[in-house]
Structure formats: C-alpha cells, structure tokens
Amino acid sequence: MNAAGRLIAYGAAIAVTFGGAFVAAGAVVPDRVVERWSAQAADTSYDDPDHGGGADTQPEAAPQKGVSMSSQGYVLSEVSAPQSAEQAGELAYTITGPDGSPVTEYQEAHEKEMHLIVVRTDGTQYRHVHPELDPSTGSWSLPWKWEEAGTYKIYADFAPTGDGEDTLTLSRTVDVAGELTPVTDRPLSAKDEVDGFEVTLDGELTAGTSSDLTLSVTQDGAPVTTLEPYLGAFGHLVALREGDMEYLHVHAEGEDPAAGETSGPEISFMAEAPTAGRYYLYLDFQIDGEVHTAQFIVEAEQGTENESADAHPDGH
C-alpha cells in the first residue's frame, strides 16, 4: 500500500495519537511519517479500569500548539487569500473570542500583537509576517501573493488581553492552486547559508524533555557580533514537527536585549520536542536592519526516563 493509502488506513489511530491534529488536502506525507504515526498509534493502548483493564493509564499529554483552529474558546476564522500561485491579493482572517465576537484587543508578545507563520506542509515556503488589525471589525490582513502551489499551514500566534502571559497558536490550512512540485525527501541539515551568512545549529532535540540549542552566525568564516534585537531577542526560532506540523514551544535564553545593543555570534534557545521524529527549524535574525531566515531539519530521538527527570526534577 502506498503512503497515501496507509495514511487513510491509519487515520483513526493517528487522530488518537495526535488529538485529531492533521487533516490537510493535497499534503504530501513521506512514508517514514506514516510509519512512525502508525507505530505511535499502536503504543497508545492502555488498560482502562472502566472496561475491565488495570488501573494504570498513560500520563496526560502536554497541550499541543498549532494543530487546531480553536483553543480556550478562541477560534481562527477561515482564511481569505488568493486562490492560485502568483496571483496578487490579500490574506485576511479574524479571531473570535469565547463570547463569539471578533477579538479587537490583544497583548503584545515578542513586540507584536500578532505573529503570522505561513509554511507549506512539506516544510518549504516559510514566512513570518505581522499583519495589521482593523479594530472596528477585528480583521487581520496584509497584501499577499503565493510563490508556489500546494497546501499551506497558517499559524496565528497571539496573546489575548487579560488571559495572563500564555500565548495561543491557532492554525488553518489553505490550498493554493497551480502546478505542484512537492519536496518529499529533504535531508537532515544543521547548517544553512543565507544572504552570505553561515548559520550552524549545535545541540540535539530529545523527545520528552527540554533541549538546549545554540545557533552560531558567521560570515566568510568570521564570527558575526552585530546581531541586532529582533522581536525582543537576538533571534526568533520557530520549530514544526514533520507531518502534523505541530508548533513547538521554543524560548530564547538570556536577558532581553536593550535598544541598540548588539550580540553574537551565538544565540541560545530551549526547545521541547513532544515526540521522536523529524522537525523543521527556522531562525529569524537581524543585521543592519535586515531580517534573514536560516532553515534546518533535525531528528529528535526518544529520551530516557532519567533525561526527563533531570530536565524536570520537580516532576513538571
């Protein structure tokens, strides 16, 4: 059976494993992802005392980010956007709150009230932008043109007013018409070259525990020490899991930079990978007022119980 057929066959089991996270028309899912999903789905069985089983159950999974259009009563509307590649237009959407009305007030998070992440489901065509809010209607919008056809994930990352410090990440998928050339076999890579800068990723993702990641920026072999603050840090890292494209928890390490301060060549982050598997990483960094994006693909191995205990000695 081919990958598409196996994806359908294991659909119900995958929904159990990932909370019904991934349904995307036109998405291309590599064989290794389907095989991993089916294996993980088989591991979700446990004894249920209400159905004749034992008393032990699996621990409750951590909340997922970016795999649903709704969370905590907030809903991401359908996304209006150009329907085909290279067609210019506008991308627009609204967020409705627990009362069903459009949300018109937000807290700033990383210096913006809304972060919009757009990426094709094969991990390519990544963009991180900041739309404008119409406070009279609650609509977020910006001019938009797709470079290539395919199925895209749209992530709205924001912090509702009055809901504490936590941000929410809601997502939708958008199908873009046109000739599709999917990328199905991207190799692992911990190095990238972008706009004349070389960026190297050090550190390993380990499933089930926090991982320290360090990104180093050089140019012509020399360390770059002129990194400028961008979105409240010297770099902004987005991590997505291959397949369902779950949005990972990633936090910059160190103190917030002061205005006019520069740093480099290293930028440190802490990332939490929920499961073993392949992940796409995207680093935005700023030099001389220009933002550059380096991209990586890494494999997270399954951690041991000792590693999890060391990372979370209080059990949380």
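Reader: What is the mean pLDDT of the protein?
Author: This is a predicted model. Its mean pLDDT is 82. A value of 70 or more is reached by 75% of the residues.

Reader: Where does pLDDT stay under 50?
Author: Residues 1–27 are one such stretch. The model still gives residues 1–27 46 contacts beyond four places in sequence. Residues 37–61 also have pLDDT below 50. That stretch has 32 contacts beyond near neighbours in sequence.

Reader: On to the sheets. What is the order of the open sheet of five strands?
Author: E1-E2-E3-E8-E7, with antiparallel pairing.

Reader: Which strands stand at its edges?
Author: Strand E1 (70–71) and strand E7 (132–134). Each has a single partner strand, so one side of each lacks a neighbour in the sheet.

Reader: How many bridges pair E7 with E8?
Author: Three, in the antiparallel sense. Strand E8 covers residues 139–144. Asp-134 has Ser-139 in E8 as its bridge partner.

Reader: Now the open sheet of four strands. What is its order, and what is the pairing?
Author: The order is E13-E20-E19-E16, and the pairing is mixed. Strand E13 (206–207) and strand E16 (236–241) are the edge strands. Each has a single partner strand, so one side of each is left open, without a neighbour in the sheet.

Reader: Parallel or antiparallel: how do E13 and E20 run?
Author: Parallel, joined by two bridges. Strand E20 spans residues 290–302. Ala-207 sits opposite Gln-302 in E20.

Reader: And E19 with E20, parallel or antiparallel?
Author: Antiparallel, over eleven bridges. Strand E19 is residues 277–287. Ile-287 has Glu-290 in E20 as its bridge partner.

Reader: How many residues are between E19 and E20 in the hairpin?
Author: Two. Asp-288 is in that turn, with a positive phi of about 55 degrees.

Reader: Remind me, what do strands of a sheet pair through?
Author: Backbone hydrogen bonds, either parallel or antiparallel.

Conventions:
Residues numbered from 1 in each chain as written. Predicted model: local features only at pLDDT ≥ 70, side-chain atom pairs only at ≥ 80, totals over all residues. Heavy atoms only, no water. Pairing = 2+ DSSP bridges. pLDDT = per-residue confidence, 0-100. Contact = heavy atoms within 4.5 Å.
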